Amino acid sequence: MPIKDTLFLASQYLAPHHLVSRLAGLLADSREPWLKNRLISNFVHSYGVNMSEALLEDALAYESFNTFFTRALKADARPLARDAGAVLCPTDGFMSQFGAIDRDRVFQAKGHSYSLNALLGGDAERAAPFTGGSFATIYLSPSDYHRVHMPVAGTLREMVYVPGRLFSVNPLTARNVPGLFARNERVVCLFDTEAYGPMAVVLVGAMIVASIETVWAGRVAPHRRAVRSTRYDPDATVPVRLDKGAEMGRFLLGSTVVVLFGPGRVRWAGDTAPGRTMRMGELLGLPA
């Protein structure tokens, strides 16, 4: 392994993850024109951000770096797959891994897997519907669109905040940090769907991810250092029901999304492969 990679991995264990991330969050939330304009300009230049697809194309017109980073796109920027029963890719990024869940184990990278139970907050009853099911893990690079959308229509049943570390979630750490996605801070969103049964969409935090937001609860993380579950009544007067392709959340600075379905529910699209660049709304899977 190159020395720079070894040093980077060592720094991941030694760095004060939450302190670094909270400081980054303060900078990203700043509305001081000179500061937010410098941050945005440098970011657009460094990552070649395509502002022509943004609803607001003038990058410096955003109130803060965070509002720029979580910018809305034009209505036609991400067309939704029209295949019958399509499961949509929930976000821009590239396919890290996908496949079958081996009992309680979810594949992370060669030589590494992690516990489904741990990923979902350590509750065996919560994990049971997905045991032996299917998973897809999509990594968002800094230049990607950072809103997360519904793969299929669903009704929210439970949201779980799980505290943890904030390792970077790039390909290098995925290959070398054991149990990465079950160690990082995350928000687990559990839905009931008509066609696919239970579905989980897990928003995994990472280094300098200042927080995670959902459309129904606002900013969720950080929180006190304990698992916190909020249940939603599907029979409530106003249940949280979201259509396929609807926005469900966003990252304030980038990270990873893990999508879970139960056994025998979906088959991933034939052209899906690890490392493939994906866009929100593209075909991710079909009924099994």
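What follows is a chat about a predicted model and some of its residues.

Visitor: OK, aromatics. How many aromatic pairs are there?
Guide: The count comes to 12 aromatic pairs. The rule is that rings of Phe, Tyr and Trp (its six-membered ring) pair if their centres lie within 6.5 Å; planes under 30 degrees apart count as stacked, over 60 as edge-to-face and the rest as tilted.

Visitor: Take Phe 94 and Tyr 139. Why is that pair edge-to-face?
Guide: Because the planes are at 65°, with the ring centres 5.2 Å apart.

Visitor: Where do those two sit in the chain?
Guide: Phe 94 is in strand S2 (residues 93–100) and Tyr 139 in strand S5 (residues 134–139), so the pair links distant parts of the chain, 45 residues apart. Strands (E, at least two residues) and helices (H or I, at least four) are DSSP runs, numbered from the N terminus.

Visitor: Are they buried or exposed?
Guide: Tyr 139 is buried at 13% relative accessible area, while Phe 94 counts as partly exposed at 22%. Buried means under 20% relative accessible area, exposed over 50%, and partly exposed in between (1.4 Å probe, protein chains only).

Visitor: How is S5 covered on its two faces?
Guide: Ser 134, Ala 136 and Ile 138 on one side and Phe 135, Thr 137 and Tyr 139 on the other are all buried. That makes 6 of 6 residues in S5. As background, side chains in a regular strand alternate between the two faces of the sheet.

Visitor: Which strands does S5 pair with?
Guide: S5 pairs with S2 in the antiparallel sense over 6 bridges, and 6 bridges also join S5 to strand S15 (residues 256–261), again antiparallel. Two strands pair if DSSP finds at least two bridges between them.

Visitor: Which rings are linked into a cluster?
Guide: Ring pairs link Phe 43, Tyr 47, Tyr 62, Phe 65, Phe 68 and Phe 69. Arg 71 lies over the face of Phe 68, at 4.7 Å from the ring centre. For that call, NZ of Lys or CZ of Arg must be within 6 Å of the ring centre and within 35 degrees of the ring normal.

Visitor: New topic. Where does UniProt place the "active site" feature?
Guide: The unreviewed UniProt entry puts that feature at Asp 92, His 149 and Ser 255. They are spread over 164 residues of sequence, yet they cluster in space, with a largest C-alpha distance of 14.5 Å. UniProt positions are in the numbering used here, feature names are shortened, and annotations may be inferred rather than shown by experiment.

Visitor: Where is Asp 92, and what does it touch?
Guide: Asp 92 lies in the loop between strand S1 (87–88) and S2, and it is buried at 4% relative accessible area. Its contacts (heavy atoms within 4.5 Å), not counting residues up to four places away in sequence, include Arg 78, Tyr 139, Asp 144 and Arg 279.

Visitor: And what does the record say for Ser 255?
Guide: The unreviewed UniProt entry also has "modified residue: Pyruvic acid (Ser)" covering Ser 255. Ser 255 lies in the loop between strand S14 (247–252) and S15, and is buried at 0% relative accessible area.

Note on methods. Residues numbered from 1 in each chain as written. Predicted model: local features only at pLDDT ≥ 70, side-chain atom pairs only at ≥ 80, totals over all residues. Heavy atoms only, no water.
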